[in-house]
Amino acid sequence: MSLQMLRLTCALALAAPLVPAAHAQDLKFEVAWIRPTPDGPPAPGQAGVHISQQQVRFSYLSLRDYIGIAYEVPIQLISAPEWINSARFDVSATFPAGATPENFPELVRSMLRDRFHLQARRESRDSPIYVLEVAKTGLKITREPEEALKDGPISVTSSDSPRA
């Protein structure tokens, strides 16, 4: 076996687990309509994902949000053009017979592939990791009194003067 053929075989073996199972079973929403979200903010309580027994309704989600749902990754890890943050779509879809909650990401992936013609790939990247450690001199933060916690959010302040 040539070195080039061995590399190709290894690459295919490593990439095989990344191919979603949707291609094998091709599970899709039965009916789905997709419309651009109207300009302006959504009505209170209307944005997000609303799921019933037979249907799912997505309102005021960006394309980045749909990709995060479909590939089960945090949206900050999605590397794509900036316009996917502002391109918002409303989707209403009917679940196929026999679909389970575990199929939800697969259904969204097939919708993105079929209706948006999305082609995605997973890749590994090195990123810096930051660690928050206590200084050798100890903590310089104080906790708010208990009565303050009942009236508002928790706030942590420094005992030193604020830095500019």
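1. Let's start with a term: a residue is called exposed when its relative accessible area is over 50%, buried when that area is under 20%, and partly exposed in between. Arg 121 has a relative accessibility of 69%, so Arg 121 counts as exposed. Keep in mind as you look around that this is a predicted model.

2. Stay with Arg 121 for a moment, as this residue has a charged partner. Glu 123 forms a salt bridge with Arg 121, and their closest N and O atoms are 3.1 Å apart. Glu 123 also bridges to Arg 125, with the closest N and O atoms 2.7 Å apart. Shared partners therefore join Arg 121, Glu 123 and Arg 125 into one network. As for accessibility, Arg 125 is exposed at 55%, while Glu 123 is partly exposed at 42%. If you wonder why such pairs turn up, side chains of opposite charge can pair when their charged atoms come close.

3. How many salt bridges does a search of the whole structure find? The count is three. One of them links Asp 114 and Lys 28, whose closest N and O atoms are 3.1 Å apart. Asp 114 sits in helix H4 and Lys 28 in the loop between H2 and E1, so this pair ties together parts that are 86 residues apart in sequence. Both ends are worth checking on your screen: Asp 114 is partly exposed at 31%, and Lys 28 is partly exposed at 34%.

4. Now for the rings. The structure holds five aromatic pairs. Take Phe 29 and Phe 95: their ring centres are 5.9 Å apart and their planes meet at 50°, so we call the pair tilted. Phe 29 is in the loop between helix H2 (22–25) and strand E1 (31–36), whereas Phe 95 is in the loop between strand E4 (88–94) and helix H4 (104–115), so the pair ties together parts 66 residues apart in sequence. Both Phe 29 and Phe 95 are buried.

5. Phe 95 has another ring partner. Its ring centre is 6.4 Å from that of Phe 104, with the planes at 55°, so this pair is tilted too. Phe 95 has a relative accessible area of 17%, and Phe 104 is buried at 14%. Which residues do ring pairs link into a cluster? They are Phe 29, Phe 58, Tyr 66, Phe 95 and Phe 104.

6. Finally, have a look at two arginines placed over rings. Arg 35 lies over the face of Trp 33, at 4.1 Å from the ring centre. Arg 109 lies over the face of Tyr 71, at 5.8 Å from the ring centre.

How values were computed. Residues are numbered from 1 along each chain as its sequence is written. This is a predicted model: local features need pLDDT of at least 70, side-chain atom pairs count only at pLDDT 80 or more; totals for chains, interfaces and linings use all residues. Side-chain values use heavy atoms; hydrogens and water are left out. Rings of Phe, Tyr and Trp (its six-membered ring) pair if their centres lie within 6.5 Å; planes under 30 degrees apart count as stacked, over 60 as edge-to-face and the rest as tilted. Helices (H or I, at least four residues) and strands (E, at least two) are DSSP runs, numbered from the N terminus. Buried means under 20% relative accessible area, exposed over 50%, partly exposed in between (1.4 Å probe, protein chains only). A charge sits over a ring if NZ of Lys or CZ of Arg is within 6 Å of the ring centre and within 35 degrees of the ring normal. A salt bridge is a side-chain nitrogen of Lys or Arg within 4 Å of a carboxyl oxygen of Asp or Glu.
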